[in-house]
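Here is a friendly walk through the strands and aromatic rings of one protein model. Have a look at the sequence and the fold first, then read on.

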Amino acid sequence: MKFFLDTADIGEIRELADTGLLDGVTTNPSLIAKSGRNIFEVVAEICDAVDGPVSAEVAATDFETMLAEGQKLAGIADNIAVKVPLTPAGLKTCRVLSQAGTMVNVTLCFSANQAILAAKAGASFISPFVGRLDDIAADGMNLIAEICEIYENYDDFDTEVLVASVRSPMHITEAAKMGAHVATVPASVLWSLFKHPLTDKGLDAFLTDWKKTGQSIL
Ligand code: G3P
């Protein structure tokens with residue numbers, strides 16, 4: 001399973017990239033706004049800091065402008081995945097960009113049928129938003145299960161399931177059990193995956209006992 005970081009904060013990205021466990025980054029217009037930075041500058045820095053796909057989202061809603069924006073964003077670096085919304089214009093843009101060899105991440109997916117459309121449009125990634133479904137008392141993880149099952153049924157669907165709007169470590173465990181390819185996660189949730197109180201307690205005990213031996217490995 002791949003882990004992407006869902007942020008436009010270059011500090012957070014560099015810190016996690018240092019662990020060697022980061023496979024990519026996703027941004028969206030809200031995250032760019034939160035960073036307070038110019039989209040081209042910040043996305044270029046992110047593309048430099050990570051080897052994997054970096055999603056940068058278009059802001060237009062009509063096909064022609066969306067395509068022009070997508071082409072411009074794709075010019076930032078080779079590892080850009082252009083993010084388009086799950087609308088007819090978005091999927092039309094997805095098809096054209098995918099055919100030209102650009103990775104496309106189709107975002108704002110809330111149903112299995114939308115995910116089928118994205119796969120047919122040649123998306124590299126489909127982004128179902130689990131947290132936002134949970135927020136309205138729907139079952140976000142059930143959508144992931146449905147999409148994984150459907151994509152498995154068709155050899156010609158090459159789209160990766162990118163679980164988005166992740167709110168907790170349990171979303172990641174569940175997504176991994178279902179075979180989702182990627183989870184894009186806020187930094188706080190990703191760091192929390194390392195933690196277990198028994199790991200901390202066990203390490204304390206080992207270090208205390210090791211001190212008693214008076215030995216040194218180096
Ligand atoms: O980038 C898309 C997604 O992960 C958004 O998450 O927390 O704003 O619902 P959230």
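Strand β5 (residues 103-109) pairs with β6 in the parallel sense, over 3 bridges; strands count as paired if DSSP finds at least two bridges between them. Val-106 faces Ile-126 of β6 across this pairing. This is a predicted model: local features need pLDDT of at least 70, side-chain atom pairs count only at pLDDT 80 or more, and totals for chains, interfaces and linings use all residues. Residues are numbered from 1 along each chain as its sequence is written, and side-chain values use heavy atoms, leaving out hydrogens and water.

Now for the wider fold. In the order β1-β2-β3-β4-β5-β6-β7-β8, 8 strands close into a barrel with parallel pairing. Strands here are DSSP runs of E with at least two residues, and helices are runs of H or I with at least four, numbered from the N terminus.

| β1 | residues 2-6 |

On to the rings: the structure holds 5 aromatic pairs, meaning Phe, Tyr or Trp rings (for Trp, the six-membered ring) with centres within 6.5 Å; planes under 30 degrees apart count as stacked, over 60 as edge-to-face and the rest as tilted. Phe-4 and Phe-125 are edge-to-face, because their centres lie 5.8 Å apart and their planes stand at 75°. Another group, Tyr-151, Tyr-154 and Phe-157, forms one aromatic cluster.
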